[in-house]
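Here's a quick briefing to read alongside the model. Have the structure open as you go through it.

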Amino acid sequence: MTLRRRCASLVSALLGIAAIIAPLAAHAYVPPSAFIIKSMAAKHSGVKGIRVRGLVSSFQGGESGGVAGPRFHVSSVFIVEGGVVRSCASDEQGKVLFVAERKIGATLDVPSAVDALLFDSQFRRLATALKKQALPIRTEEELLAMKDEEERRASEVLSLGRWKKSQAWIIGGKDEHAESQLWVEKDTFLPLRLIVDLRASDGPREAQFDNFRFFNEFPYPRLITWVERNQAILREELSDILANPPELKNFGKPLATGMTEAGEAASSEVRDLLRKYFETLR
């Protein structure tokens, strides 16, 4: 074989290898956690506030047993300025059972992180809420403060995974030392799962977000499910959503929170569901 032919064969072989490696390398690339979180927050921009209404139901015998038993309606209003979420639960007759107000990132509880994932357009507030759930979010300032690129890469705890039919970025570890994980759909940057208490003796807990729809370009899941020890406990099903609702005008007024008189008079099953919902999702 002549030198020219040998060179042509080598070039052809290298091009073939490159054609195989390139898509694999692109497939394996995971962006920095700050980029993932900023991309999520950007999807919520352009509104002053959002109102969502839904139906909360409990599961009987786990998810395989279906939704049954007690339920209530819930209306939640988020205002961007201040990052405050106000929620009101009511029965079928419209009687108010429970009222809650929460400021995103101000507490360590899971609902603050769930609200941040679903509503907030401000990166720092969202990152703060997620960090309080032991998620290893690295801000750009934190990365720039590190001595070199090797240290920056080592500080990120990121991987790729698959959830149902979706590929997802996973923020958080997969070993026995991991405390929490956030699964974000790879192509859309929408949250799929927030898993906490991975090291708990009684098993992890998680919020699952399914069937996202866009309402005037604002994404929101049709279904939110709370799962404990791999068993579905309760679910919120979206009824309607409204951008810049009239309730924003009332945010300056004081609000009495907690169980109302009608809530205290409800059945023990309804009271338990109310407490569970406001302890875990909202």
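Gln181 sits in strand E7 (residues 181-185); helices (H or I, at least four residues) and strands (E, at least two) are DSSP runs, numbered from the N terminus. The model is a predicted one, so to speak of local features takes pLDDT of at least 70 and side-chain atom pairs count only at pLDDT 80 or more, while totals for chains, interfaces and linings use all residues. Residues are numbered from 1 along each chain as its sequence is written, and side-chain values use heavy atoms, with hydrogens and water left out.

- With a relative accessible area of 8%, Gln181 is buried (under 20% relative accessible area; exposed is over 50% and partly exposed in between, with a 1.4 Å probe and protein chains only).
- Its side chain reaches the backbone oxygen of Gly173 at 2.7 Å.
- Setting aside neighbours within four places in sequence, Gln181 is in contact (heavy atoms within 4.5 Å) with Leu135, Ile170, Ile171, Gly172, Gly173, Lys174, Arg193, Leu194, Ile195 and Leu198.

**Arg235**

- The side chains of Arg235 and Thr225 are joined by a polar contact of 3.1 Å. That term covers a pair of N or O atoms within 3.5 Å; within protein, one must be able to donate a hydrogen and the other to accept it, and residues adjacent in sequence count only if both atoms are side-chain atoms.

**Helix H3 and its partners**

- H3 is mostly covered, with 10 of its 10 residues buried; Asp115 is one of them.
- The axes of H3 (residues 110-119) and H4 (residues 123-131) come within 8 Å and cross at roughly 145 degrees. Axes are lines fitted to C-alpha atoms, for helices over the stretch in contact, and angles run from 0 to 180 degrees between N-to-C directions.
- Where H3 meets H4, Ser112, Ala113, Ala116 and Leu117 face Leu126, Ala129 and Leu130.
- By class, that contact has 6 nonpolar, 1 polar and no charged residues (Ala, Val, Leu, Ile, Met, Phe, Trp, Tyr, Cys and Pro are nonpolar, Asp, Glu, Lys and Arg charged, and the others, Gly among them, polar).
- With H8 (residues 268-280), the H3 axis comes within 6 Å and crosses at roughly 65 degrees, so the two helices are roughly perpendicular (65 to 115 degrees; under 35 is roughly parallel, over 145 roughly antiparallel and the rest oblique).
- Here Val110, Pro111 and Val114 of H3 meet Phe278, Glu279 and Thr280 of H8, giving 4 nonpolar, 1 polar and 1 charged residues.
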